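Trainee: I have a model open and would like to learn how to read its packing. Could you take me through it, feature by feature?

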Amino acid sequence: MKKQKQNQKQTTAKILGFLIILAGSLSLPKLYAQNQKLGQSYEPIISHELTLNIPYLLSLSAMEKDSRKLASQEEANQLFAVTQEAVKNQGEQDAKIATNNTLYKDQLTLLQFFMGHTQLKENRDRVKALGEQLEKSAATYAELSKNPAFTAQAQFYSKLGKFIRTDGTDGISDLIPLKDKLKNNKDLLNSIELLVGYSLAMSPTTAAQGLQTMSKVSNEVSIYGRLAIKLSEALSDYGLDAEGAPLSTVKPSAEGKLIYCVQLARGMPLGLQHLVMNSAAFIWSKANQSPTARVPPFLKEGFPGIAPVDFLRERDALIELTAQNYKQASALYKKIAEAYPKGEQLAAIDSRIWELDILVFQKSGNLAELEGSFTALRTKYAPQGKKGFYSTLGDAYRKVLDGSLDLALNPKGTKPQQTMAIQFTSKYLKSENDRAIAYPLKSKLALLYRSLKMYNEAVDSYLDIAKDQPLKNYLFAVEAQSQLASWPAQPDFANKSKDKVPERTKLLSIYETVSTIKNGGDWMILSHVGLLQRALNRPKDAEILWLKGLKADATTKYAQDAGGLLLHEFYEAKRWDDVVDMSHLFASKKVNPSVKGVALNYKPFLADALFKGGTEALAKNGFQKAVKFLEEFSIVFPSEPRYASAGHSLAFAYKGLNKLVPALNVCKNITEKFPKYPLRTKLILQAGDWAAADRNTWEYGFYFYTKYLTDYKNESNVPQIRTTLAELYFKRKLYGWASRLYREQSLSPKVAKDLQLKAAVRAMEIEDQFGEAKEANESAKRIIQLAAANDPSSYHAYAFIGRFIANSKDLKAMNDIEPKLTAISKSSKEVLEAIGYIRYRRAEILGKVIVNNESNLQLRDPEGTVKKYYARFEDERKNYLNVCQIGITAYCAPAMLKLTTIAKQGLEAIEKIQIAETLGAKRVNSFKVFKQLQVSKVQQSKKDYGDQALRLAKQGTTTPSWKEEITKSLEYEDSMAH
C-alpha cells in the first residue's frame with residue numbers, strides 16, 4: 001500500500017508537468033504602468049484542448065474483465081518495453097509463438113492502463129500504436145487458435161484494437177458478426193451492444209436508436225460503460241453532435257446527467273477523473289459558447305490538478321478580471337495554483353496572482369493582505385534562488401515598502417503610516433538575506449527610528465547596516481549607545497562601576513566589532529573593550545584581549561596601564577604562570593608595566609612567581625613545570641636567598657622526571673656551596689638514597705654517604721648511614737671497603753652494643769666469603785666479646801672460629817676449641833657442623849694409609865700379622881668414626897666414605913697375607929679360617945660404612961658436591977661388584 005501511494009504521488013507529479021503551457025512571460029513593471037486602465041484585457045495562461053473521451057471509456061469497459069491490473073506506471077513501462085521487443089521480434093513464421101504466448105493479452109493490459117491514465121502525454125502517445133498492435137496480434141491469435149471460444153474473444157479484441165486505432169470511428173461494424181460466436185460471453189456481448197449503440201448515437205439520424213441501445217445494457221456494464229452512456233446522453237441532451245456542433249436546443253435534463261457523471265468521477269483515480277472531466281468540460285463548453293457564460297460550480301469545484309477543470313476555472317477568473325473583481329480573480333487563480341508543481345508553468349499562474357494582489361492593494365491600501373500574498377509566494381519560490389519570478393516578486397514588494405517608508409519620513413506622515421512602515425519593512429528585512437538588496441530599506445528604516453528618537457532600534461539598525469558600510473554607520477552606533485550606557489569617552493582603569501549592564505553589553509559588542517575592523521591594533525579601542533568586559537563580569541575575556549594586544553604592542557600608555565593592572569591581579573591571585581608570562585613579555589618588549597602612569601618593577605614579581613610556582617607545581621607532581629620554573633629561578637636569580645631551597649626543590653623535580661643525574665648534580669652543588677643550608681643534611685641523605693637506588697649512580701651514593709659521615713659524625717643516624725654505605729660498597733663488590741666500615745662500626749664506642757654486634761657479624765661474613773679468613777676470625781672474636789653466651793651470633797662466631805682452626809691444621813688448637821664447641825653444640829646446628837668439620841680434619845691429619853709391604857715367605861706368625869693389620873684398620877677408623885659420634889653433620893657421610901676406603905686398604909692388606917702350604921693341611925686350614933673371619937669383619941664394616949654413607953648422602957645431610965661424589969663412588973663400586 002505504501003509503495004502504491006508513493007507511485008501515485010510520482011504519477012501525479014508527472015501529470016502536473018503537462019497540464020499548463022506558459023502563455024508568455026509577464027512584465028510586471030509594464031503591468032504597474034497600466035494598473036489604472038479600465039477595461040484591461042488579459043490573455044489566458046492555461047492552454048488545454050478539450051476532447052470527448054467517450055471512446056476511451058467504452059474501450060476501458062470492454063477490457064475490464066479480460067485485462068489484468070497493473071499497480072504502477074513503472075510496472076506499465078516495464079511491460080510496454082517487453083511487448084515492444086516481442087512485436088519487434090515476431091515474424092511471419094512465429095505462428096506457434098503467437099498462439100502459445102498471449103501477446104495480445106499483455107497489449108490489452110497496457111491499453112487498459114494507458115487509457116485509464118491519459119493525463120500523461122507519454123501514455124496518450126502510446127494508445128494508437130498499441131491499438132494497432134492489438135488489432136494484429138489478436139487477429140493472429142484468432143487465426144491460429146483451435147479453441148472456438150478463444151478465437152471469438154481474440155477476434156473481438158482485434159476489432160477493439162481497430163476501434164482504438166481510429167479514435168472510435170471504425171471497427172464497430174466488424175463486431176456485429178461476432179455476436180453469434182460470443183453468445184456465451186455475456187460481458188463481450190454487452191460491450192458490443194454498447195459500442196454499437198455509441199456508434200449510432202454519434203450520428204444525428206440514428207442518435208435516438210443508439211441511446212436506446214446503450215440504455216438497454218446500462219445495468220450490465222462496468223462503471224466506465226455507465227459513464228460513457230451518461231456522457232453520450234448528456235451530449236444528446238445538450239443538443240450537440242460528436243464534434244460538439246449544436247444540433248438542437250438544450251433539454252432540461254442535460255445538466256443533471258452531466259452532474260451525475262461529475263459526481264461519479266470524484267471518487268475515481270486521477271486518470272479517470274481526467275477522462276470524465278475532459279468530456280464533461282467539452283460538452284458544457286460547446287453548449288455555452290458565450291465568453292461571459294460562468295462555469296457552474298459542479299464543474300470547477302474540487303479536482304485539484306485536473307487540466308480541464310482548471311481550464312474552466314480560468315475562464316471564470318478572466319470574466320472577474322474584465323469586471324475588475326481582482327480579489328475574486330486572485331482567489332480563483334490561487335485555487336488553480338494549489339495543485340501545480342514548481343516550475344515555469346506555476347510561475348506563470350503565480351505571476352498572475354501577484355499582479356492581481358498588487359491591484360487589490362492599490363485599491364484597498366491594505367498592506368497586510370499584500371504582505372501575506374508576498375510571503376506565501378516568496379516561500380514557495382525560495383528554493384529556486386534569486387532569479388526568475390522570485391527576483392521579480394522581491395523587486396515589486398520592495399518598491400511598495402520603499403514608498404511606505406517615504407510616506408512615514410515625510411513631515412506630514414501620520415502615526416499609523418509610520419507604524420505600518422516600520423512593521424512591514426522590519427518583517428520583510430528579517431527574511432531578506434541579500435544585504436545589498438536590503439540595504440536601501442534598512443538605511444531608511446534606521447533614519448526613521450532616529451527621527452522618532454527610538455535609539456535602541458536606531459543602534460540595532462546602524463549596527464546591521466554597518467556590516468555593509470562600516471565606518472559611517474558604526475560612528476552613529478557608538479555615539480548613540482555610549483549615551484545609553486553612560487560610558488566615558490576616555491578609558492578609565494580605576495572605574496569599577498557595574499551598572500547599565502544591558503546597555504554596556506551592546507556597547508561592548510560595537511567596540512569589539514570596531515576593534516576587529518582595525519585588526520585589534522588600536523589600544524584605545526582595546527582598553528574600552530577590556531574595561532567593558534570587566535564591568536560586565538567577564539574579566540577573563542578582557543585578560544585574553546589585553547594579553548594579545550600586549551604581545552603585538554606594549555609601548556603605549558594604555559597598554560602599559562593594562563599590563564600593570566593584569567600583573568597585580570595575577571600576583572594577588574597567585575597565578576604564577578601568568579605572572580611569569582607577563583614578566584617575560586615585558587622583558588622581551590623592554591618596557592615596564594605601569595599603575596596610573598607610574599612605572600612598576602616586575603622582577604620581584606617574577607622571582608616570587610618562579611619560586612612559588614615551581615614549588616607548588618612540585619607539590620602537585622607537576623615535575624615538568626617545576627623544572628621549568630626552578631631552573632629559570634636558579635639562572636636568573638643566583639644571589640637570591642632562596643637559591644639553595646630552589647635547588648633542593650629542583651632536584652626533586654628532576655627526580656620526578658627520571659632525570660637522576662641532573663638531580664644528583666644539583667644536590668652536589670648545594671652540598672658543596674651551601675654548607676649552612678638548613679636542610680643540607682636531608683638533602684645529602686635524600687641524594688644518597690636516590691643514588692643508591694640506581695646501579696649507574698652508585699658513585700654519587702658513595703660521595704653523599706661519605707660526605708654525611710664526614711660532616712655529621714655525631715648524628716644519631718650515623719650507624720644506619722654507615723651500614724647503608726657499607727652495603728652499597730658490598731653491592732659494588734668493594735668488599736674491603738664494606739668490611740672496613742663494619743669493623744669500624746663494631747669497634748665504635750658511640751654505636752650501641754647491638755649495632756656493634758650486627759656490624760661485627762656482617763664484617764665476619766664478608767671476610768669469610770670474599771676476604772681474609774684472618775680478618776674474619778678477628779671479627780668472630782669481637783662477636784664473642786659483644787654477644788651473650790646464648791646469643792645465636794655467638795654460636796655463629798664460635799662455629800667460624802672452629803672452622804678457621806680446623807683449616808689451620810693446628811691439632812692443639814683443635815683439641816682446645818672442641819670442648820667449648822661441644823658445650824654449646826646442642827644449641828646450634830652450625831656449631832655442631834663446626835665440630836664435625838674439626839673431627840673430620842683431625843681424622844685427615846692423623847690418618848695413615850694401610851699398606852702391607854711384608855713378604856709372606858718370611859712370615860713366622862701369619863695369624864699375628866693378620867691381627868696386626870686388623871688392629872691397624874681398627875686404629876685408623878677411630879678418628880673417622882668419631883666424626884659421626886656427635887650427631888649427623890655434613891661431614892658424617894664423607895667420614896663414612898673415608899671409612900670405606902680405610903676398610904678397603906685394611907682388606908687388601910689382610911688378604912695379601914698368605915701361609916706356606918708346607919705347614920700342613922690343618923695348620924693351613926686353621927689360618928685360612930682365622931683370616932677369613934677377619935676379612936669378613938672388615939668386609940662387613942666396609943659394606944656398612946658404604947651403606948650408611950650412601951643413605952646419608954641421599955637424605956641430603958651433606959653438601960651437594962659430597963653427595964655427588966659419594967653417590968657416584970659407591971653406586972659405581974656396587975655395580976662393579978655385581
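Mentor: Gladly! Let's begin with one side chain and its surroundings. Setting aside neighbours within four places in sequence, Gln481 is in contact with Val459, Glu503, Lys506, Leu507 and Ile510. Keep in mind that this is a predicted model.

Trainee: Where does Gln481 sit, and is Gln481 buried or exposed?

Mentor: Gln481 belongs to helix H23, residues 470-485. Its relative accessibility is 1%, so Gln481 counts as buried, the cut-off being under 20%.

Trainee: Next, how do I read two packed helices?

Mentor: Two packed helices are described by the angle between their axes and the distance between the axes. Take H10 (residues 207-216) and H11 (residues 223-237): their axes come within 10 Å and cross at roughly 155°. H10 is therefore roughly antiparallel to H11, since angles over 145 degrees count that way. The crossing of H10 and H11 is left-handed.

Trainee: Which residues make the contact?

Mentor: H10 contributes Leu211, Met214 and Ser215, while H11 brings Ala228, Ile229, Ser232, Glu233 and Ser236. By class, the contact of H10 with H11 has four nonpolar, three polar and one charged residues.

Trainee: And which residues of the largest nonpolar core touch the most other members?

Mentor: Tyr333, Trp354 and Tyr397 do, in a core of 150 residues. Helix H17 (residues 344-364) supplies the largest share of this core, eleven residues. Not counting residues up to four places away in sequence, Tyr397 touches Trp354, Leu367, Leu370, Glu371, Phe374, Phe424 and Tyr428. There is also a second, separate core of 82 residues, with Ala154, Leu235, Tyr238 and Met277 among them.

Technical notes. Residues are numbered from 1 along each chain as its sequence is written. This is a predicted model: local features need pLDDT of at least 70, side-chain atom pairs count only at pLDDT 80 or more; totals for chains, interfaces and linings use all residues. Side-chain values use heavy atoms; hydrogens and water are left out. Axes are lines fitted to C-alpha atoms, for helices over the stretch in contact, and angles run from 0 to 180 degrees between N-to-C directions. Helices (H or I, at least four residues) and strands (E, at least two) are DSSP runs, numbered from the N terminus. Angles under 35 degrees count as roughly parallel, over 145 as roughly antiparallel, 65 to 115 as roughly perpendicular and the rest as oblique. A crossing is left-handed if the near helix is turned anticlockwise from the far one by less than a right angle, and right-handed if clockwise. Contact means heavy atoms within 4.5 Å. Ala, Val, Leu, Ile, Met, Phe, Trp, Tyr, Cys and Pro count as nonpolar, Asp, Glu, Lys and Arg as charged, and the others, Gly among them, as polar. Buried means under 20% relative accessible area, exposed over 50%, partly exposed in between (1.4 Å probe, protein chains only). A nonpolar core is a set of buried Ala, Val, Leu, Ile, Met, Phe, Trp, Tyr and Cys residues joined through side-chain atoms within 4.5 Å.
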